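Please look at the structure first.

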Amino acid sequence: MFIKPKKSLGQNFLISFKDKSSNKAFFNVIIQIIPITVSLITIPLAINNLGKPLWYLFTLGLTVILLPNYFSFGIGPFLTRDLSTKDNFMQSSSWLGSISLIKVIGLLFFVLTNFYFYFSELEKPFLIKSDQFYFFFFFIFSSIVYFFLIPLRSIIESKQDFYFLGTIRAVFTSLLMLTPIFSYNSIWFCSFIILILSLFQFFFYLLRLKYYHNQNIKGLFIGFSKIEMKKTILKTWPFGGYLFVWSILLYSDRFILKTFIEIETLSDHVTMQDLFNRLAIISGNLTAVFYPVISKNKDNPSVIDKYYKKQIFLISISFISLFFILMFALKPFLAFWLKNKYSFYIDDFSFLYLIGIMIFNFSIIQVRTLQAIGFEVFVLKILISTSIFYLISVFILGYLEKPYLFSIILIIQSLIVIITLHKKYVKEKNIRTI
């Protein structure tokens, strides 16, 4: 009798790696080499072209158009999960409630961002008042476009069309980073081009849904229901709370620290944050691909465990490889990359920033896995408790004028999240396996 030999662990992994989800995850990571490369080339050129004060304002504008992903009350992950598991969801009352909520939150965001820019005393780097007005006007309208991209992206994610999503994200992120080096001595021109790019991205999503997925797009954003919106809020609030807290962890430090430290140091702080947060391209894209797959199999613990471990393996290998390479190459690279904008602050603390942001981006594995299997409330509780510690610590660092200790705070917060959520996952896996 012929006995089939057992495959080694490595062989089993290589076989499992060939499934469609893994291929899409791998593609989504590899294609992001394009915007990373573009960023590495354009950031020092943009700083030289704009100067550090205007470069800080430009990064602040980019932050504004990314905030809809965090201030959309969790519509994105909620829609992706339910679109993945429920047929005809777009004909349901929940879809109408979600679209209604997007419209209301978009209006509130428009009012609040205008209020912030009016009272934040950010006009100093501008030569004339009209430049300031147009600069923020175009960025704010771009952010409204990004609000309405959320449901379109959720539909495409639920269909697991990650080759398209990875490509369009890489292209448009690259174009965003190219914009400031072609400002033609007019800072508001940057924000105008970014608004045009945002509109193009919106129409590309619509065309993909209509002609590739045969999706009727005429009624996607039609209708408003206050009652259904309230029902949707009751379903999405844990996701909304998570995204709100995540945005605090990502962006609040730059707003807090600007009160206490001078803008040159703040610019160095933001430059390192924005550079090293490119690591989120790896962790974010990988977990985004596996999220709908885990959601579909949330009652199958063996499938969940397979993809949970696969995410840990892939992201760990990526981060550890980068860690050892950058141990020797980071400072020479930054000195070459930033040239005369390379400072003592960056030289002293860049590697610490890298480690902090690397550990922070690793925690997204535990967050998204538990959300996919229905523990979004537990995730939110852990993030809220750790963010309180984070905010208090950043305020203290700012007051003491020691922003370089920011990474230590980020590492502590991230490790608490990773360990706590992993323990919860193991406990639930054991319960479901019995």
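This is a predicted model: local features need pLDDT of at least 70, side-chain atom pairs count only at pLDDT 80 or more; totals for chains, interfaces and linings use all residues.

Helix H12, residues 280-296, gives the most to the lining of the largest cavity, namely eight residues, where helices are DSSP runs of H or I with at least four residues, numbered from the N terminus. Residues are numbered from 1 along each chain as its sequence is written, and side-chain values use heavy atoms, with hydrogens and water left out.

A cavity here is a set of points, on a 1 Å grid over the protein atoms alone, where a 1.4 Å probe fits but cannot get out, and lining residues have an atom within 4 Å of a point. The largest cavity has a volume of about 1500 Å³, and of its 49 lining residues the closest to the centre are Leu 66, Asn 69, Tyr 70, Arg 169 and Ala 280.

The second largest cavity holds about 50 Å³, and H17, residues 406-433, supplies the largest share of its lining, with four residues.

Turning to helix H3, its 18 residues, 33-50, should span 26 Å at 1.5 Å a residue, and because the end C-alpha atoms are 25 Å apart, the two values agree; the expected span is 1.5 Å times one less than the number of residues. Just after H3, Gly 51 takes a positive phi of about 85 degrees.

Conventions. Helices (H or I, at least four residues) and strands (E, at least two) are DSSP runs, numbered from the N terminus. On a 1 Å grid over the protein atoms alone, a cavity is a set of points where a 1.4 Å probe fits but cannot get out, and a pocket is an open set with protein on both sides within 12 Å along at least five of seven lines; lining residues have an atom within 4 Å of a point. Grid points are joined across faces, edges and corners, and a volume is the space filled by probe spheres set on the points.
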